[in-house]
Amino acid sequence: MNEEKKCVMVIDENLPLGLIANTAAILGNTMGSHYPDLVGADVSDKEGNEHMGIISIPIPILKGNKEVLMDLINKLSDEKYKDIVVADFSDVAQSCNIYDEYIEKISKVNLGEMNYFGLALYGNKKLINKLTGSMGLLR
């Protein structure tokens with residue numbers, strides 16, 4: 001792992017628990033598909049049972065709300081954050097049962113009209129800390 005990189009999730013703490021879990025799962029899957037090298041090799045336990053590799057870096061899940069998430073979206077449009085990779089999950093995505101429906105719906109919505117449930121950020125550790133360093137852990 002590159003020690004200069006960091007990954008965090010910021011999730012709306014006001015969502016119901018099931019939606020918080022769903023948001024984290026979707027964001028993790030999305031990031032993992034873009035960075036498969038962050039997933040470690042499969043491992044075996046003492047008895048020889050095989051276990052799939054898991055993410056090889058910590059991913060703190062931080063608490064946010066609608067305003068915090070929109071503020072992050074706005075800050076991320078600044079040129080200095082252009083190399084930060086952002087995965088988002090919104091009410092537009094959550095309302096769709098099939099991906100084609102999501103493609104159609106999101107094409108008709110402006111950025112500011114979305115209600116973000118969560119964001120996953122990956123990139124330069126200092127920049128990620130600048131954006132999220134004052135946020136508490138979601139517990």
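What is the relative accessible area of Glu104, and does that make it buried, partly exposed or exposed?

Modeller: Happy to, but keep in mind that this is a predicted model. Glu104 comes out at a relative accessible area of 47%, and that makes it partly exposed. Its partner is Lys108: the two form a salt bridge, with the closest N and O atoms 3.3 Å apart. Lys108 sits at 62% relative accessibility, so it counts as exposed; the cut-off for that word is over 50%. In general, side chains of opposite charge can pair when their charged atoms come close.

Now step over to Glu101 and Lys105. Their side chains meet in a salt bridge too, at 3.8 Å from N to O. Both residues belong to helix H4, which covers residues 99-106, and they are 4 residues apart, about one turn of the helix. Glu101 is partly exposed at 26% relative accessibility, and Lys105 is partly exposed as well, with 32%.

The count for the model is 3 salt bridges, so there's one left to visit. It joins Asp71 to Lys75, whose closest N and O atoms are 3.3 Å apart. Here the helix is H2 (residues 66-76), and because Asp71 and Lys75 are 4 residues apart in it, about one helical turn separates them. Asp71 is partly exposed with a relative accessible area of 37%, while Lys75 is partly exposed at 38%.

Back to H4, which also has a part in a pocket. The largest pocket has a volume of about 290 Å³. It is lined by 16 residues, and those closest to its centre are Ile26, Thr30, Asp88, Tyr99 and Tyr102. H4 supplies at least two residues of that lining, and so do helix H1 (17-34) and strand E5 (85-90). By class, the lining has 12 nonpolar, 3 polar and 1 charged residues.

H1 gives the largest share of its lining, 4 residues, and strand E1 (5-12) supplies at least two. Among the residues lining this second pocket are Cys7, Met9, Gly28, Asn29 and Ile57. The lining divides into 8 nonpolar and 3 polar residues, with no charged ones.

Methods. Residues are numbered from 1 along each chain as its sequence is written. This is a predicted model: local features need pLDDT of at least 70, side-chain atom pairs count only at pLDDT 80 or more; totals for chains, interfaces and linings use all residues. Side-chain values use heavy atoms; hydrogens and water are left out. A salt bridge is a side-chain nitrogen of Lys or Arg within 4 Å of a carboxyl oxygen of Asp or Glu. Buried means under 20% relative accessible area, exposed over 50%, partly exposed in between (1.4 Å probe, protein chains only). On a 1 Å grid over the protein atoms alone, a cavity is a set of points where a 1.4 Å probe fits but cannot get out, and a pocket is an open set with protein on both sides within 12 Å along at least five of seven lines; lining residues have an atom within 4 Å of a point. Grid points are joined across faces, edges and corners, and a volume is the space filled by probe spheres set on the points. Ala, Val, Leu, Ile, Met, Phe, Trp, Tyr, Cys and Pro count as nonpolar, Asp, Glu, Lys and Arg as charged, and the others, Gly among them, as polar.
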